[in-house]
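Reader: I would like to learn how to read a protein model feature by feature, moving from the general idea to the particular case. Could we go through one together?

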Amino acid sequence: MKDGRRYPQISLKGPVILFVIVLVLMLTLAVLWSAVLVHDYQLLRNVAGEAPFHWSFIALGSTLFLTIIVLSSILSAQLFAQIRWRQRQSNFISSVSHELNSPLSSIKLFAQTLRKPDLALEDRLRFVSKIVTDVDRLHRLIGNILRAAEMDYHGDELQVVTQRVEISDYLRRAVADAREVYVESGLTLELDAPTEETVHLDPLMFRQVLDNLLDNAVRYAGDDPPHVDIRVRRLDGHVDVRVRDRGVGIPSEALPHLFDRFYRIEEMSKSRRRKGTGIGLYVVRSIIHAHGGKVTVASDGPDCGATFTVRLPAVLPAASVKSPSERAA
C-alpha cells in the first residue's frame with residue numbers, strides 16, 4: 001500500500017480444518033459409544049443381574065452428546081462469520097486508504113505543476129481535466145462511505161425524497177455527464193431509451209446508483225476500453241433500467257454475494273490496479289430498495305461481462321387513473 005500500513009489478514013483455513021477434525025472425532029466417539037452399548041447389551045444385562053437396565057440414561061446421554069456437537073457447530077459457524085466479517089472490514093479500510101490516497105496524490109502533483117509560470121495552455125487544460133477526474137473519484141467514494149454510514153444509523157433504511165421523473169430524459173443527461181467524466185478511460189456509452197416512461201425517483205440518490213454501476217464497469221473493463229449499454233424497457237407495470245458491460249465478468253459463485261457489504265471478489269481485486277471497496281454495490285441495492293424497487297445481476301462467467309437490471313415501479317399515466325366517481329360507477 002502507498003500509505004505504508006499493513007492490515008492483518010486472518011486466514012480461516014487453519015481454524016476450519018481444526019474444527020472439522022474435532023467434529024469428526026466427536027461424531028466417531030458418539031457412534032462407537034452407541035454401537036458398543038447396543039452390541040454388548042446382553043453382557044450388560046448379565047452383569048446387572050436382576051437390576052433394571054436404564055435405557056433412558058443411555059438415550060439421554062446420547063442426546064446430550066449430540067446437542068453438544070450441534071451447539072459447538074453453531075458456535076463455530078458464528079465465530080467463523082465474525083472472523084470473516086472482520087477480514088472484510090480490514091480489506092475495506094485498506095481499499096479506502098488506497099482509493100483516497102491515490103487521487104489526492106494525483107491532485108497534489110497536478111496542482112503543483114500548474115504553479116509553473118511557463119506551462120503551456122494545452123498542458124494546463126489537460127492537468128485541470130485530470131484534477132476534475134480525480135475529484136469526481138473522491139466524490140463518488142466519499143458519497144458511498146457517507147451513504148453506508150447513514151444506513152448504519154438508520155438500520156439499513158435510507159430516507160429518499162422522490163419526485164416524478166421522466167426516466168429517458170434523466171438518463172440522457174446522466175450519460176452526457178458520464179461521457180465527460182470517463183473520457184480518459186475511453187468509455188463507450190450507449191443509451192437505448194425509446195419510451196417516455198415516468199417513475200418516482202430521488203434524482204441525487206439515483207445518480208449515485210448510475211455512478212457506482214458505471215464506475216464498476218470501468219474498473220473491471222479488462223484489457224479493452226470499457227463499453228456499457230444502458231437500455232430502458234417497461235414490463236408489467238415496472239420500468240427496467242439494464243446496465244450491461246463487456247468487462248471481465250463475474251464468477252457464478254460470487255453472484256449471490258455481490259451486493260453484500262464489504263464483499264469483494266478477491267481474485268478480481270488482486271488482478272486489478274484499482275481495487276473496489278466493497279460498498280458500492282451495497283449502496284446501489286439499498287438505494288433501489290428505498291425506492292421500492294430491486295436490482296439484480298447476471299453474468300455468464302469470466303470474460304463475459306455483467307448485466308445489472310434495476311427495476312422500478314412505473315407511474316401510471318394520468319388518463320389510466322380513474323377518479324372516485326368513475327370507480328364507484
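Author: Just after helix H8, Gly292 takes a positive phi of about 80°. Please keep in mind throughout that this is a predicted model.

Reader: Is Asp236 buried or exposed, and is Asp303 buried or exposed?

Author: Asp236 counts as exposed because its relative accessibility is 69%, where the cut-off for exposed is over 50%. Asp303 counts as exposed because its relative accessibility is 67%.

Reader: How should I read the sheet, and in what order do its five strands come?

Author: In general, strands of a sheet pair through backbone hydrogen bonds, either parallel or antiparallel. Here five strands form an open sheet in the order E2-E4-E5-E7-E6, with mixed pairing. Its edge strands are E2 (188-192) and E6 (294-298), each of which pairs on one side only, and the twist averages 15° from one strand to the next.

Reader: In what sense do E4 and E5 pair, and in what sense do E2 and E4 pair?

Author: Strand E4 (residues 227-235) and strand E5 (residues 238-245) pair in the antiparallel sense over eight bridges. To follow that pairing residue by residue, take Val228, whose bridge partner in E5 is Asp245, and then Ile230, whose bridge partner in E5 is Val243. E2 and E4, by contrast, pair in the parallel sense over five bridges, and there Glu190 stands opposite Asp229 in E4.

Reader: Which strands does helix H5 lie across, and which does H8 lie across?

Author: Helix H5 (residues 167-181) lies across E2, E4 and E5, and runs at about 170° to E2. H8 lies across E6 and strand E7 (306-313), running at about 140° to E6.

Reader: How many residues of H8 are buried?

Author: A residue is called buried when its relative accessible area is under 20%. Helix H8 (residues 280-290) is mostly covered, since eight of its eleven residues are buried; among them are Leu281, Tyr282, Val283, Ile287 and Ile288.

Reader: Which residues form a nonpolar patch on the surface?

Author: Val16, Val20 and Val24 form such a patch, with about 210 Å² of accessible area together. Val16 lies in helix H1 (residues 13-39), and this valine is partly exposed because its relative accessible area is 33%.

Reader: How many helices and strands does the protein have, and what share of its residues counts as buried?

Author: The protein has nine helices and seven strands, and 38% of its 329 residues count as buried. Its accessible surface comes to about 19,700 Å², of which 60% belongs to carbon and sulfur atoms. Among contacts in the protein with a separation of 6 or more, 74% are between residues 24 or more positions apart.

Terms used
Residues numbered from 1 in each chain as written. Predicted model: local features only at pLDDT ≥ 70, side-chain atom pairs only at ≥ 80, totals over all residues. Heavy atoms only, no water. Patch = residues over 30% accessible without salt bridge, like charges linked within 9 Å, V, L, I, M, F, W, Y side chains within 5 Å. Areas by Shrake-Rupley, 256 points an atom, 1.4 Å probe, with all protein chains shown as cover. Salt bridge = Lys/Arg side-chain N within 4 Å of Asp/Glu carboxyl O. Helix = DSSP H or I, 4+ residues; strand = E, 2+ residues; numbered from the N terminus. Buried < 20%, exposed > 50% of the residue type's maximum accessible area, 1.4 Å probe, protein only. Contact = heavy atoms within 4.5 Å. Pairing = 2+ DSSP bridges. Axes fitted to C-alpha atoms, helices over the stretch in contact; angles between N-to-C directions.
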